[in-house]
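Hi,

Here is the structure I promised to pass on. Have a look at it first, and my notes on what turned up follow below.

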Amino acid sequence: MKPDFALLVTGTNPRQQLGDWLQKSVDMYLFAVQVPVYEGQAPHWPDELASGSIIYPFRMGLEPLGVIENVSLGEDGPLTLSASDAARHSGLERGVGWLADMDPQPLLDLAKIPVDWAKTGSVPLNRAPGFTAEAVKGVKVPKRQQRGAGWMSDPKKRKAVEMHAEDWAVRLYEEAGWTVERVGKPYDLRCTNKAGEERRVEVKGTTGAPTSVELTINEIEHARAAENTVDLFVVSDIKVTPQYVASGGVPLHLKDWEPAEEDLRPRKFEYRLPQS
């Protein structure tokens, strides 16, 4: 089964009777399920990265949508009784998700996401505020990650992942008869063929699921320019050894790529300082 949403609940102990559980208020973190359940081949979550091993092999690709703070688990809250009890059971089973069938509109409304789910059946990313892992309350992160010196912030690992994805893309295009030049900015690869055609390729790599990638404004504008033919090549679930040797992964190849506005969420803004 492929659920549309996932919900993380923090703020109370699940080891209590349902009647007591329904009296509590919690914080809820709402995700869209971008990729249904799959078996991961690479360490990705903070405790996996700290240990260098896979602890949670079965995963979903989740896209953060919004936060709902201090909300009731009872009937006056956004969850149905069965959904609230499913969250309790999930906590009793070390976070293994339980499925619940319910209308997500109350969650979307409280997360301040202006979407009519019954009409659209989807959530444009540019309408969802999102959140970062650091914003999630009550989730223990290994000290190594809190110091910012762990695998996630390791520039050597990041470089190994990027180069592995880029090497894969180079092989793919060369095998298709293209001549490939590594450019770097504002795109990664320039591909030409004997017919004089040119195709530019943006390459991204990740150890996680293919849910979203970070783009610069230059990369977006370059892909949208009418005079450019741009592809997006993403390799997800890449393995990296402690010696920074990258391998494996799952490719996603989007030809004639042009990022749509509803699939973009701004992360940074340029702020003009007032002058005295």
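Keep in mind that this is a predicted model. I'll start with the aromatics: the structure holds three aromatic pairs. One of them joins Phe-31 and Phe-131, edge-to-face, with 5.2 Å centre to centre and 75° between the planes. That pair links distant parts of the chain, since the two residues are 100 apart: Phe-31 sits in strand S2 (residues 25–39), while Phe-131 is in the loop between helix H5 (117–120) and helix H6 (143–146). Are these two buried or exposed? Phe-31 has 13% relative accessibility, under the 20% cut-off, so it counts as buried. Phe-131 has 8% and therefore counts as buried too. Tyr-29 also comes into the picture, as ring pairs link Tyr-29, Phe-31 and Phe-131 into a cluster.

Next, a glycine. Gly-61 lies in strand S3 (residues 58–72) and is buried, because its relative accessible area is 0%. What does Gly-61 touch, leaving aside residues up to four places away in sequence? The contacts are Ala-32, Val-33, Gln-34, Val-35, Tyr-38, Ala-209 and Thr-211.

Glu-166 is in helix H7 (residues 155–175), and it counts as buried because its relative accessible area is 12%. Not counting residues up to four places away in sequence, Glu-166 touches Arg-182, Asp-188, Leu-189 and Val-203.

By type, the lining of the largest cavity splits into five nonpolar residues, one polar and two charged. Which element gives the largest share of that lining? Helix H8 (residues 217–224) does, with three residues.

As background, an α-helix has 3.6 residues a turn, so residues three or four places apart point the same way.

Finally, some backbone geometry. Most residues other than glycine have a negative phi, and most peptide bonds are trans. Pro-186 lies in the loop between strand S4 (179–182) and strand S5 (189–192).

Two aspartates have a positive phi:

- Asp-237 has a phi of about 60° and lies in the loop between S7 and strand S8 (239–240). Asp-237 is buried, because its relative accessible area is 5%.
- Asp-256 has a phi of about 50° and lies in the segment after strand S10 (250–254). Asp-256 is exposed, because its relative accessible area is 53%, and the cut-off for exposed is over 50%.

That's the lot from my side.

Cheers

Key
Residues numbered from 1 in each chain as written. Predicted model: local features only at pLDDT ≥ 70, side-chain atom pairs only at ≥ 80, totals over all residues. Heavy atoms only, no water. Helix = DSSP H or I, 4+ residues; strand = E, 2+ residues; numbered from the N terminus. Nonpolar A, V, L, I, M, F, W, Y, C, P; charged D, E, K, R; others polar. Phe/Tyr/Trp six-rings, centres within 6.5 Å; stacked < 30°, edge-to-face > 60°. Buried < 20%, exposed > 50% of the residue type's maximum accessible area, 1.4 Å probe, protein only. Contact = heavy atoms within 4.5 Å.
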